[in-house]
Amino acid sequence: MQLPKLPVGYGVEVLVDWIEHYLGWLLDAISAALGFLIGGFQDLLLAIPIPLLILIAAVVVWFVTRRDIKLAAVTAIGLILIWDLNLWSLSMLTLALVLVSTIVALALSIPLGIVAARSDTMNSMLRPILDFMQTMPSFVYLIPAVIFFGLGNVPGAIATVVFAMPPALRLTNLGIRQVPTELIEVADAFGSTPWQKLLKVQIPVALPTIMAGVNQCIMLALSMTVIASMIGAGGLGYQVLVGIQRVDIGTGFEAGLAIVIIAIILDRITQNLVPQYG
């Protein structure tokens, strides 16, 4: 016996047509805004002389890692290697894509995580959506991105935002829920408003957990660069894709090595942004 097929695919096609017809203006606005941000970040990074940018990166790492001179030296050597491999402009585009995607993902996920932490109803609504997002193969995110935004850097950034959001949202929710009730009761006893309680008690206490989510968000955004290159996103990910298509091991490895260097630098910076107490 063969069961009648549910019209799931047809329903999705109808939904896509409806969105394109009635919300096309919104999609165009999002595409224009993201394109402007990516181009702006890339132009800004490329406008800075390479030696100066390497020096700035090394000083930033040295400062945020509490004067870890070894890590600052490794950062400088890694960036010089990227420069030597003639991958600097591609690396800056990748960095621009990752920065824009991470900023948008955090702008959405942290407020939603705070709301979920303060509302059990919202938390129960978001949980299955996050489960769905985290179990969905990352390639699937490319399909709606291509349908609504075409090919290029913008759909790559959109797919990256969706892929990178869940850890930041979950860890923001978890961090605020784990704030000791004694601290909340003290804040209530002093007559704190909900905003004062959130800004002066809950977020500072939950900051290490929230920053762990930020770190995961950045790492997932970087890991998506190669996958997003399949829909036209440029940068190092596209260079890796070219290496795969041409069976050019050297090209693919060099671009992959540059991605790893950028990932290590961003990881060390974000891990050390949390203030140390005691």
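Analyst: In this predicted model, residues 91-270 are 85% helix and 0% strand. The end C-alpha atoms of residues 91-270 are 19 Å apart. The span comes from UniProt, where an unreviewed entry annotates residues 91-270 as "domain: ABC transmembrane type-1".

The unreviewed UniProt entry also places the feature "transmembrane region" at several stretches, among them residues 95-117, 138-165, 218-242 and 249-266. Over residues 95-117 the chain is 100% helix and 0% strand, with the end C-alpha atoms 31 Å apart.

Valine 247 sits in the loop between helix 11 (236-245) and helix 12 (249-271). Its phi is near 50°, a positive value in a residue other than glycine. Valine 247 counts as exposed, because its relative accessibility is 70% and the cut-off for exposed is over 50%.

The other residue is asparagine 86, found in the loop between helix 4 (69-84) and helix 5 (88-118). Asparagine 86 is not a glycine, yet its phi is positive, at about 60°. With a relative accessible area of 67%, asparagine 86 is exposed.

Conventions: Residues numbered from 1 in each chain as written. Predicted model: local features only at pLDDT ≥ 70, side-chain atom pairs only at ≥ 80, totals over all residues. Heavy atoms only, no water. UniProt positions renumbered as here; feature names shortened; annotations may be inferred. Helix = DSSP H or I, 4+ residues; strand = E, 2+ residues; numbered from the N terminus. Buried < 20%, exposed > 50% of the residue type's maximum accessible area, 1.4 Å probe, protein only.
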